[in-house]
Amino acid sequence: MAQARLRGTTPGPSPPSLDPSASMACGSSSADTMRGAVLRAKAQKPEGKVLYPGQKYDLIVSSIPKPRCVAGKALVRVVAAGVNPVDCKLILPSWIQHAFGRDYCGVVEEITEETSAKRGIKVGDTVMGMSSGSCCEYIVADTETMTKVPDNMTPEQAAGMGVAYMTSYDAIFAGTTVGRPPVGENTRVLIIGGSGGTGLAALQLARRCACARLVATVCSGRNEQLVKQEGADVVFDYTKIDFAATPAEELKRIMTEEAVKQMGTEEKRPAPDDFRGEFDLVYDCVSSMEDHDYRPVANQLLAPGAGHYVAINAARPAFWMQGLLARATGLGSWVLPSREDLFLPAPNREKVDNMSKWFGEGKLRVNVDTVVDFQKAASDANANLNEAIDRQLSRRATGKVVIGNIGSPK
Ligand SMILES: NC(=O)c1ccc[n+]([C@@H]2O[C@H](COP(=O)([O-])OP(=O)(O)OC[C@H]3O[C@@H](n4cnc5c(N)ncnc54)[C@H](OP(=O)(O)O)[C@@H]3O)[C@@H](O)[C@H]2O)c1
């Protein structure tokens, strides 16, 4: 079970009343309205350098319109909502996205008979998935990307499944248009940033679901125990190895020595004999425009003529453009550089149901880093949910930041 720390919310200034609904008590809802977490521009500019747009906003509870169920979808009463970096980086206008968030866990309240029969989901089922604007009391979510929550998951864990696990699923099982091979028992995988939301998901998927030959990761030494517990055979500590400045051949030598040191003595899983610091797949969960760029060094660590570099963010906008074009056209390897992939997750019924099965079997486990209490913020006009944004943007969360206690799980 995840060690979820229940954190209170930090009192903050009252949000400015930018829209008429904001003047209603933050705890109020009616037949047509509900409570939801929304971003409001901070009254005062934050101190210091602003790296992410989310730093300029308070996350408050406000009254927003309640959605109505439509065919093919289900009305879900949300219990908890997961937070992802994108929620704090890509701030959409409220007419596009009513509430904050993308990941959810909740209970189905309404679904048409036809959709229920087609999808095997019924009123009263506890479900999880991804749906834009998830951090509110009710969402109308696509049933094709929703799956049942197995009994061994808490609502907070289930709320952390969405973006992180669906993204890493496509990275590990090649669910994109590039045509690279999925991870299998002969694959040597390097996951850069194995201790974060997507990284931990990838470690578990590569080790326990794809049964990779070697699962290595780059993270800070303080998270070594956690990442080894979640599937890493070997850990490269970026506070000790300078990935950006070390020449490739030297880096490969250091990594080989480290793999033998960490795995060599273990009878169960010794370092593969042919491991020379080269990988069949490097999955990069760290590089971004705001800080690091592991892409150049990652490409030098690929097995010659066979390895692939897979990214979900990029330091250079041009690579992002190629990734988005690949997604829009379905042309994958025609648009992206050879042996490289950058993608957005494309969840579907098969993928989410596999997830539910693997969570139920205990192969996957969401590590909940922090839970911020929605009701506490809703009941106090001076409170907010900013802790969720701050923790997510700290880049130190080990696993998922979740906004919990939105509704009752029963
Ligand atoms: N394309 C997509 O659809 C998609 C989907 C999801 C996420 N993303 C992007 O992918 C990135 C990761 O997302 P996430 O949710 O996993 O983020 P996250 O949970 O915030 O990642 C935090 C982790 O990053 C690690 N980290 C920070 N600096 C590092 C460094 N220099 N080297 C290695 N590890 C480092 C930290 O490890 P230590 O504490 O051990 O340093 C921490 O555990 C974000 O940029 C996000 O925007 C894209």
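Trainee: Is Tyr-169 buried or exposed?
Mentor: This is a predicted model. Buried means under 20% relative accessible area. The relative accessibility of Tyr-169 is 7%, so Tyr-169 counts as buried.

Trainee: How many aromatic pairs does a search of the whole structure find, and why is the pair of Tyr-169 and Trp-358 stacked?
Mentor: The search finds seven aromatic pairs. The ring centres of Tyr-169 and Trp-358 are 6.0 Å apart. Planes under 30 degrees apart count as stacked. The planes of these two rings stand at 25 degrees, so the pair is stacked.

Trainee: How many residues apart in sequence are the parts that Tyr-169 and Trp-358 tie together?
Mentor: Tyr-169 belongs to helix H4, residues 162-172, and Trp-358 to helix H10, residues 349-360. The pair therefore ties together parts whose separation in sequence is 189 residues.

Trainee: What covers the buried residues of H10?
Mentor: The buried residues in H10 are Lys-351, Val-352, Met-355, Ser-356, Trp-358 and Phe-359. What covers them includes helix H2 (113-119), strand E6 (126-130), strand E8 (146-148), H4 and helix H5 (197-209).

Trainee: How far apart are the end C-alpha atoms of H10, and what span should its 12 residues have?
Mentor: The expected span is 1.5 Å times one less than the number of residues. For the 12 residues of H10 that gives 16 Å, and the separation of the end C-alpha atoms agrees, at 16 Å.

Trainee: Which side-chain oxygen reaches the backbone nitrogen of Glu-350, and what phi does Gly-362 take?
Mentor: At the start of H10, the oxygen comes from the side chain of Asn-348 and lies within 3.2 Å of that nitrogen. Just after H10, the phi of Gly-362 is positive, at about 80 degrees.

Trainee: How many residues of H5 are buried?
Mentor: H5 reaches 17 Å from its first C-alpha to its last, close to the 18 Å expected. Its buried residues include Gly-197, Leu-200, Arg-207 and Cys-209. H5 is mostly covered, and the count of buried residues is 12 of its 13.

Trainee: Which residue lies over the face of Phe-319?
Mentor: A charge sits over a ring if NZ of Lys or CZ of Arg is within 6 Å of the ring centre and within 35 degrees of the ring normal. Lys-66 has such a place over Tyr-138, at 4.2 Å from the ring centre. Over Phe-319, at 3.7 Å from the ring centre, lies Arg-295.

Trainee: Which residues does Ser-220 touch, not counting residues up to four places away in sequence?
Mentor: Ser-220 is in the loop between strand E10 (214-219) and helix H6 (224-229). At 3% relative accessibility it counts as buried. Beyond four places in sequence, Ser-220 touches Asp-237, Tyr-238 and Thr-239.

Trainee: What distance separates the C-alpha atoms of Asn-186 and Ala-212?
Mentor: Asn-186 is in the loop between H4 and strand E9 (188-192), and at 58% relative accessibility it counts as exposed. Asn-186 touches Arg-213 and Asp-280, not counting residues up to four places away in sequence. Ala-212 is 26 residues from Asn-186 along the chain, and their C-alpha atoms are separated by 6.2 Å.

How values were computed:
Residues are numbered from 1 along each chain as its sequence is written. This is a predicted model: local features need pLDDT of at least 70, side-chain atom pairs count only at pLDDT 80 or more; totals for chains, interfaces and linings use all residues. Side-chain values use heavy atoms; hydrogens and water are left out. Rings of Phe, Tyr and Trp (its six-membered ring) pair if their centres lie within 6.5 Å; planes under 30 degrees apart count as stacked, over 60 as edge-to-face and the rest as tilted. Helices (H or I, at least four residues) and strands (E, at least two) are DSSP runs, numbered from the N terminus. Buried means under 20% relative accessible area, exposed over 50%, partly exposed in between (1.4 Å probe, protein chains only). Contact means heavy atoms within 4.5 Å. A polar contact is a pair of N or O atoms within 3.5 Å; within protein, one must be able to donate a hydrogen and the other to accept it, and residues adjacent in sequence count only if both atoms are side-chain atoms.
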